[in-house]
Amino acid sequence: GIRVSVEMPFGLPSEAIAEVAEKHDVSAIMIGSHGKGILQAAALGSVSAQLLHQMRRPVLLARIALLEDGRCESVCSRMFTRILFPTDFSETAERAMEYLGSITQGCSCSVTIMHVREQNSSGEEGEEDVRFLLEAKAGRLRMRGASEVIPLLVHGRPANEIVERATRGGYSLIVMGGQGKGLMEELFL
């Protein structure tokens, strides 16, 4: 059910990939990552990081190390089983939420919707608003087929909390907007 065409464009990899994606009006870009350390990626640049930074289309980033020993089938079959969706409630996060909704329609998966409140944020009233927004988003995903949706409000630094939850939460996929209010983008990319 996937239409495939093969092209070998010339030029800078991220720019060439972006041009081909636009030319074919793709719904998503899937790219592998070597899993370089942050210092290596910063010094050498990374095609996947550049794509995440510049693309206005969804980018599915898969760690190549997971696929090297023939485990592709098992990795791919569980890719959409347990999803983490960090949101800052921006317009870009809302577009990512729509994309996540289309994923949950196609497979019955578990989703954790997470918002990180800055440590210096105060006020119960604001926190109740955030909980309401999280629950509203959870309801939308349940209606679109998610088997389980967990709204999660945590306090701390967004990048740190997202990475920590992703690392110890056993998530198979992270879906998030890459051009949101700015803080997550600057910290991640």
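## First stop: helix α1

Start by selecting Ser14, Ala16, Ala18 and Ala21: these are the buried residues of α1, where buried means under 20% relative accessible area, exposed means over 50%, and partly exposed is in between (1.4 Å probe, protein chains only). Helices here are DSSP runs of H or I with at least four residues, strands are runs of E with at least two, and both are numbered from the N terminus. Before going further, know that this is a predicted model, in which local features need pLDDT of at least 70, side-chain atom pairs count only at pLDDT 80 or more, and totals for chains, interfaces and linings use all residues. Residues are numbered from 1 along each chain as its sequence is written, and side-chain values use heavy atoms, with hydrogens and water left out.

Now show the whole of α1, residues 13–24. Its 12 residues should span 16 Å at 1.5 Å a residue, and the end C-alpha atoms are 17 Å apart, which agrees; the expected span is 1.5 Å times one less than the number of residues. Pro13 belongs to this helix and is partly exposed, at 44% relative accessibility.

Next, click on Asp25, which follows α1. Is Asp25 buried or exposed? It is exposed, with a relative accessible area of 56%. Asp25 sits in the loop between α1 and β1 (29–33), and its phi is positive, near 50°, in a residue other than glycine.

## Second stop: the sheet

Zoom out and look for an open sheet of 4 strands, in the order β5-β4-β3-β6 with parallel pairing. Two strands count as paired if DSSP finds at least two bridges between them. At the edges stand β5 (148–155) and β6 (173–174); each has a single partner strand, so one side of each is left without a neighbour in the sheet. Strand β3 (residues 82–86) pairs with β6 in the parallel sense over 2 bridges. To see one, select Ile83, whose bridge partner in β6 is Leu173.

While you are there, pick Arg82 and Tyr171. The charged end of Arg82 sits over the ring of Tyr171, 4.5 Å from its centre; to qualify, NZ of Lys or CZ of Arg must be within 6 Å of the ring centre and within 35 degrees of the ring normal.

Move to Phe89, in the loop between β3 and α5. Its phi is positive too, near 65°, and at 22% relative accessibility Phe89 counts as partly exposed.

Then select helix α5, residues 91–106. Its 16 residues should span 22 Å, and the end C-alpha atoms are 24 Å apart, which agrees. Among its buried residues are Ala93, Met97, Leu100 and Ile103.

## Last stop: Leu134

Select Leu134 in helix α6 (residues 124–143). Leu134 is buried, with a relative accessible area of 2%. What does Leu134 touch, not counting residues up to four places away in sequence? Its contacts (heavy atoms within 4.5 Å) include Thr87, Phe89, Ile113, Pro151 and Leu153. Ile150 is 16 residues from Leu134 along the chain, with 8.9 Å between their C-alpha atoms.

Finally, show the whole chain: 8 helices and 6 strands. Of its 189 residues, 34% count as buried.
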